[in-house]
Amino acid sequence: LLQSKKPTPPPARHNPRAFSVANIVRTQRTIQRNLDRAQKKEYAPLSDRRASRAEEGPPPLVAVVGPPGVGKSTLIRSLVKFYTNCNL
């Protein structure tokens with residue numbers, strides 16, 4: 001007759017490289033980049049630039065013309081942010 005054998009668990013193996021990083025230089029760069037990003041997010045209050053220009057006000061009309069890809073939209077966004085302190 002066949003006797004049922006309990007299955008034995010596989011022997012415990014230790015693989016020291018299983019949970020280590022493959023490329024230490026890339027990992028160091030990633031860590032430094034994340035630290036730099038976190039530092040960028042820290043807010044340092046600046047003086048209100050609009051207060052000094054409150055009497056002048058924004059220009060009444062601005063025309064931005066140029067070929068594609070030269071930064072017309074970027075210029076408009078930065079002007080709006082400068083005068084209103086909100087992003088588009």
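Tutor: The chain exposes about 9,100 Å², of which carbon and sulfur atoms supply 58%, the areas coming from the Shrake-Rupley method with a 1.4 Å probe. This is a predicted model, in which local features need pLDDT of at least 70 and side-chain atom pairs count only at pLDDT 80 or more, while totals for chains, interfaces and linings use all residues. Residues are numbered from 1 along each chain as its sequence is written, and side-chain values use heavy atoms, with hydrogens and water left out.

Student: What is the mean pLDDT of the chain?

Tutor: The mean pLDDT is 78, and 75% of the residues reach 70 or more, where pLDDT is the predictor's confidence in each residue, from 0 to 100.

Student: Why is Ile76 called partly exposed?

Tutor: Buried means under 20% relative accessible area and exposed over 50%, with partly exposed in between; Ile76 has 32% relative accessibility, and therefore counts as partly exposed. Ile76 lies in helix α3 (residues 72–84), and together with Val62, Leu75 and Leu79 forms a nonpolar patch on the surface, with about 280 Å² of accessible area in total.

Terms used
Patches are made of residues with over 30% relative accessible area and no salt bridge: like charges are joined within 9 Å, nonpolar side chains (Val, Leu, Ile, Met, Phe, Trp, Tyr) within 5 Å. A salt bridge is a side-chain nitrogen of Lys or Arg within 4 Å of a carboxyl oxygen of Asp or Glu. Helices (H or I, at least four residues) and strands (E, at least two) are DSSP runs, numbered from the N terminus. Buried means under 20% relative accessible area, exposed over 50%, partly exposed in between (1.4 Å probe, protein chains only).
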